[in-house]
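Take a first walk through this structure.

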Number of protein chains: 2
Amino acid sequence: VDRAALDATLLVEPSARLTPRDEVERRLAGLRETLAVRGLEAALIVQNADLYYFAGTVQQSYLYVPAKGPATLFVRKVVERARLESPLVDVVALPSLRDLPRLVTERHGRLPSRTGLELDVLPVSQFRRLEALFPGVAFADIGPDVVRQRAVKSGWEVERIRAAAALADEVYTLVPGLLREGMTEAELAGRVEAEARRLGHEGVIRMRGFNQEMFYGQLLTGISGSAATYLDTPLGGIGLSPAVAQGVSFRRIRRGDHVVFDFVAVRGGYIADFTRIFSLGPLHPELARAYDVARRAQDAVKALARPGVTCAAVWAAALAAAEEAGLGASFMGRGEGRVRFVGHGVGLELDELPVLTTSDLELAEGMVFALEPKFVLPGLGAVGVENTFVVTADGLEALTTAPEHVVELAL
Amino acid sequence: VDRAALDATLLVEPSARLTPRDEVERRLAGLRETLAVRGLEAALIVQNADLYYFAGTVQQSYLYVPAKGPATLFVRKVVERARLESPLVDVVALPSLRDLPRLVTERHGRLPSRTGLELDVLPVSQFRRLEALFPGVAFADIGPDVVRQRAVKSGWEVERIRAAAALADEVYTLVPGLLREGMTEAELAGRVEAEARRLGHEGVIRMRGFNQEMFYGQLLTGISGSAATYLDTPLGGIGLSPAVAQGVSFRRIRRGDHVVFDFVAVRGGYIADFTRIFSLGPLHPELARAYDVARRAQDAVKALARPGVTCAAVWAAALAAAEEAGLGASFMGRGEGRVRFVGHGVGLELDELPVLTTSDLELAEGMVFALEPKFVLPGLGAVGVENTFVVTADGLEALTTAPEHVVELAL
């Protein structure tokens, strides 16, 4: 491996900062608590977002975490880069997956009998390969435990998400200078995305859910906002073909349209989610009214949410605001397209906990979620507002901070 | 669901064309051959790329394909859109996954005893949920069979890939007008990606491999081309942070640099892969020589490849060209970063068959692959050429057609 190129991976930009050692140690301590509670002797972490969380690197690896004692990162590719990126001390080359049982035994004395794996994301055939390599080992699913742990962010993580939120805020201010009548949604999206890239948007948006996919969010104009689709999201979009069937389309933006600017920002691996509305001429009165109701739903959640409040209570408060305005049937989509949540955790993945739905999960200090009250009105499209919030001891702090009024553009 | 929005999903643009019924019927016939050979009574297709292939839609679905008789698409979300997108006749709403056994029994008389599933991609916990719902059913892995079937493209599919290749060719011609000295790699990428979006690039690049991720390709300048990373690719890149650790970085493009323009185009769900080289001033003589060798390796493959030739023979021919020039150790990466293939199938996913490696798989008419002989030179970066080819009765036909000389830019 080219030393000059390796060094360059760390020297290019301060935001490419490494995960601090104490962050990783605290996270591994949390994972060891899971192992103790579940009666497991070790965990084997394999998925990119989880690897980055627990090891500070996504180099192709198996992270072995014993219930007691230091973790070992076994790296298939590229071990020298993993050593630079990860604060872990024990980073070992793994020539082939077949070598893993032998290397675990060498480093840790013996093989564990009961081991946790992320079975919520690991494909069956890869799981079976591990089962064959570790014939005496019983594997248990710790995916949901990892997801619960990752829902509560450290101060360091909140600052990473704040940086992503600042990118969303900044890109938003550039939209009026990029939007021209007659452009397609795809062309506008390209211009917006170019600015985002210049500002450091990483492109890849990780999602944990099987078959879930996202590309920058949903920049939807006019009737496009009503096009429901396969995603577990309130908005879908027409898309550029049935193969993708979401997001921007070749629809031309016309005078009288409005633009739902639903934008997912990613910096340093961390995600912020954000929605605002532009209007090319006056916003249709029904959309304007629904937008006010969305903001009232947001206010209702802000007044209520704090540590100890359940997701179900948050969902109920938002839904009540919609129903009081007679817009219950349009809240978070219509008909088949409707989803039963008003927000979702964000972090290293877009679809984290807490999901603001009829769930007993209680909000906790350090949780970060996108709150996105939205309406889909037949024949008119969608409106809504979305901000990324962190749960503090007192309530919610907004990480996305752009003004929320509908921006009417004169073209 | 909003009828106007639904209709809009089909009317916006001709390229959003639907998969023809005869395409889907031919593909389902191929799947039924797999079922016969494997002694299975049915297949249940669940993954997005495979759903699009066999049903013409990615709406959240389970496609049930009995060994004999018509298939049923059970749709969780959005059934009305699935009915518009899919040429299948039997498209049924699936209120909840729990309803699937009952609905299969209703439509098909009984539950199958042995059923094929894509176990190469289906997560363990979802598989266990299906096992619990179908207690008498034995599931077999048909993922590799589906992958083999999809490797051979129909004429209709080749035309879709040709459209993606044309997008890559066109974007390539725009690069000289977008590149400025002092830009970061990220800024240049954003400008290039904006043009691609305007031309209909769909953004989402599907990959089948667990943890594999790609965002438009690898636009790498100067030493960035030497930064190996976790991907199963010859090039990696510095990336914008260790969280993503691939692709463009904040490195500023300077006089004397060269640009590896490795670009993945996606239109209508189909992928073409493409690499060319720009140079800001004369290309370093060692890079120029390696680039000539890459083209010789490409020529060696073009002279050899036709139906019946093994992937191993193709790999050997390319490797021999590199070794004859004394560049064997730099071919397809260096050291840990080196991969042992010189090309990969492309289609609805970026990592399809055939993989041009030491494999007995024989090329067949209709296979489409990206051939990408590349070198990584210590301290200098990477060079190489990449084209997407279809295997014809006589040999290879290039779908990407841009000129291959190094373009020297005067800034």
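Chain A can be laid on chain B by a rotation of 180 degrees, with 0.0 Å of shift along the axis and an RMSD of 0.0 Å. That is how a two-fold axis relates two copies. The model is a predicted one. In general, two copies of a chain are related by a rotation about an axis and a shift along it.

Which residue of chain A comes closest to the rotation axis? A:Pro123 does, with its C-alpha at 2.0 Å. Both copies also use the same surface: 100% of the contact residues of chain A recur in chain B.

Now pick out one helix. Helix α11 of chain B runs over residues 311-324 and has 14 residues. From its first C-alpha to its last it reaches 20 Å. That is close to the 20 Å expected at 1.5 Å a residue.

Which residues of α11(B) are buried? They are B:Cys311, B:Val314, B:Trp315, B:Ala318, B:Leu319, B:Ala321 and B:Ala322. These residues lie on the same side of α11(B), because they cover an arc of only 155 degrees around the axis. What do they pack against? Their partners in chain B are α10 (285-304) and β12 (374-377). After α11(B) comes B:Gly326, with a positive phi near 75 degrees.

Next, the aromatic rings. A pair of them is described by the distance of the centres and the angle of the planes. Over all chains, the count comes to 33 aromatic pairs. One of them joins A:Phe134 and A:Phe139. Their centres are 6.3 Å apart, and their planes stand at 90 degrees. The planes are over 60 degrees apart, so this pair is edge-to-face. Both A:Phe134 and A:Phe139 are buried.

Are they buried or exposed? B:Phe127 is buried, and B:Phe139 is buried as well.

Rings in chain B also have arginines over them. B:Arg150 lies over the face of B:Tyr53, at 6.0 Å from the ring centre. B:Arg160 lies over the face of B:Trp156, at 4.7 Å from the ring centre.

Notes:
Residues are numbered from 1 along each chain as its sequence is written. Chains are lettered from A and ligands numbered from 1 in the order in which they are written. This is a predicted model: local features need pLDDT of at least 70, side-chain atom pairs count only at pLDDT 80 or more; totals for chains, interfaces and linings use all residues. Side-chain values use heavy atoms; hydrogens and water are left out. Rings of Phe, Tyr and Trp (its six-membered ring) pair if their centres lie within 6.5 Å; planes under 30 degrees apart count as stacked, over 60 as edge-to-face and the rest as tilted. Buried means under 20% relative accessible area, exposed over 50%, partly exposed in between (1.4 Å probe, protein chains only). A charge sits over a ring if NZ of Lys or CZ of Arg is within 6 Å of the ring centre and within 35 degrees of the ring normal. Copies are superposed by least squares on the C-alpha atoms of residues with pLDDT of at least 70 in both. Contact means heavy atoms within 4.5 Å. Helices (H or I, at least four residues) and strands (E, at least two) are DSSP runs, numbered from the N terminus. The expected span of a helix is 1.5 Å times one less than its number of residues. The arc is that of the directions from the helix axis to the C-beta atoms.
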